[in-house]
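Thank you for letting me take a few minutes of the meeting.

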Amino acid sequence: MLKLTYRIVQGNEEMLMLSAMNKLTAIKLPFWVMFMNTFSMAVGFYMMIPLLASYLLHDLLLTVTMVGVISAIRSFSQQGLSVFCGTLADRLGYKRTILIGLFIRTFGFGLFGFVDHIPGLILACFFSGLGAALFQPASYAYYAALSTPQNRITVYSIREMLSNLGFVAGPILGAFLMGFHFQYVSITATLIFVFSFLLSLFFLPQIKTEQTKADYEGMLPQLKKVLQNRSFLRFMVFTLISWSLVAQLYIAVPFRVNQIAAGANIGFIYSCGAIVMVLLQVPFSKFSQTKMQPFGVLSLGTLLISAGLFTIGMSGSMLGIYAGVISFMLGQVFWQPMMNTMVSDFAGTGSIASYFGFNSFALSIGAMIGNVGGGYLYDLGSMLGWGSLPWFSFFIIGLVNIWFMLKEQRSSSVQQVSQI
C-alpha cells in the first residue's frame with residue numbers, strides 16, 4: 001500500500017514537473033529576450049537613478065534646485081518626447097527603435113560616471129531620458145504584437161512582475177557599489193544596458209506584424225490619427241488622473257515617516273510593497289481579467305491606490321503606513337497591466353507604439369500634476385492647520401475618477417449591445 005501511494009505521489013510530481021516544463025518551453029524566444037531585457041533594464045535603472053540625487057547633493061555639492069532641474073530634464077526627455085518617439089517606432093520598426101534607444105541610454109548612463117560638471121550632467125540626463133523615450137513605447141508595442149488578446153494581460157503582468165523584481169534588486173546592488181564610488185554604480189549600470197543591447201541585437205527577431213513602411217502615413221498623420229480617437233483620449237484623461245495619485249507614493253511615504261518616526265528605513269517599506277507586487281502580480285491580474293470588465297479593473301486599482309494614500313495619511317503608526325503601502329501596491333497590481341492591455345486594444349493592429357507614446361506622455365502630465373499639486377496640498381494643509389487636507393483630497397479625486405470610469409464602461413457596454 002505504501003509503495004502504491006509512493007508511486008502515485010511520484011507520478012503526480014513528475015506530471016507537475018512535465019506540465020511546468022511544457023509551459024516554459026511553450027514560451028517563444030522573443031518573449032524570453034523581452035522578459036530578460038525588462039528585468040535587466042529595471043535593475044540598471046533602479047540601481048542608479050534613486051542614488052543619483054544623493055550623489056549630486058553630497059558628492060558634487062550641487063544645490064537642491066539644480067538637482068531638481070537636472071532630474072526634470074531627464075523626466076521631460078523621457079516622457080515629453082515619447083509621443084514623437086512612439087510614432088517613430090511605428091516607422092522604423094520596434095526592434096530597431098529598441099536598439100537605438102538602448103544605445104543612447106547606455107551612452108547617457110556611462111556619461112554620469114565620468115562628468116562632474118553641470119553641462120555634462122545635463123547631457124547625461126537628456127540622453128538617458130531620450131533613450132527610454134525611444135525603447136519604452138517600442139518595447140510595449142513589441143509585447144503587444146507578440147501576444148494575443150487572450151494572453152496579453154498575463155504577458156504585461158509578467159513584465160510588471162519582472163520590473164518590480166528589478167526594483168527590489170537594483171537599489172541593493174547600487175547601495176553596495178556606492179560604498180566604493182558612484183562611478184562603479186554608473187559603469188555597472190552601463191554594462192547592464194550593454195548586455196540588453198547585445199541580447200536584443202542577436203536574439204530579438206524582427207516581427208512580421210510590425211507596420212510596414214508602405215503603411216506608414218508620416219509622423220503628423222500618425223499623431224492626428226491617435227488624436228481623433230475620442231475614446232482613447234478619454235481613457236488617457238482617466239489614466240492621467242490615476243497616475244497623479246500614483247506619483248504621490250514617493251512623496252507621501254517620506255512625508256509621513258518623517259512625521260511619525262524620523263529615521264525609519266524608508267527603503268525597506270518600499271521593498272515590502274514591491275515584494276507584494278512580485279508575488280501577486282500575475283495571479284491577481286489573470287483573475288481580474290476573467291471576472292471584471294476593463295474599466296472595472298482600473299476602478300478597483302484606483303480605489304486601492306487612493307485608499308492606500310488615505311491610510312498612510314490618516315494613520316498615526318508605522319503599521320498603518322505599511323498597510324497603506326501594501327494597499328497602494330495592490331492597486332498597481334490591478335491597474336498597471338490592464339492599462340497597458342487597453343492601450344494595445346485601442347491601437348489595434350497598427351500604430352501601437354504611437355498609442356503607447358501618447359499614453360506615456362499623458363502619464364508624465366499626471367506625474368507633474370501629482371507632484372506639484374500634491375506638494376501644494378501638503379503645504380496648504382500645514383498652513384491651514386488641517387493636516388488631513390491632502391489625504392481627503394486624494395481619496396475624493398480617486399472616487400470621482402472611478403465614477404467617470406464606471407460611467408465610461410456602462411456607455412461602452414450599451415454601444416456594444418446596440419451594435420449586436
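Predicted model: local features only at pLDDT ≥ 70, side-chain atom pairs only at ≥ 80, totals over all residues.

Residues are numbered from 1 along each chain as its sequence is written, and side-chain values use heavy atoms, with hydrogens and water left out.

Let me start with helix α2, residues 29-59, and helix α7, residues 152-178, whose axes come within 7 Å and cross at roughly 40°; helices here are DSSP runs of H or I with at least four residues, numbered from the N terminus, and axes are lines fitted to C-alpha atoms over the stretch in contact, with angles from 0 to 180 degrees between N-to-C directions. α2 and α7 are therefore oblique to each other, a word kept for angles that are not under 35 degrees (roughly parallel), over 145 (roughly antiparallel) or 65 to 115 (roughly perpendicular).

Helix α6, residues 118-146, packs against α15 at an angle of about 130°, with the axes 8 Å apart, and that makes α6 oblique to α15.

Turning to charges, the structure holds 3 salt bridges, each a side-chain nitrogen of Lys or Arg within 4 Å of a carboxyl oxygen of Asp or Glu. In one of them, the side chains of arginine 152 and aspartate 345 meet at 3.3 Å, N to O. Because arginine 152 lies in α7 and aspartate 345 in helix α14, residues 318-347, the pair ties together parts that are 193 residues apart in sequence.

Finally, which helix gives the largest share of the nonpolar patch? That is α16, with 5 residues, and both α15 (352-384) and α16 (389-419) supply at least two each. Methionine 314, also in the patch, has its place in helix α13, residues 294-314.

Note on methods:
Patch = residues over 30% accessible without salt bridge, like charges linked within 9 Å, V, L, I, M, F, W, Y side chains within 5 Å. Areas by Shrake-Rupley, 256 points an atom, 1.4 Å probe, with all protein chains shown as cover.
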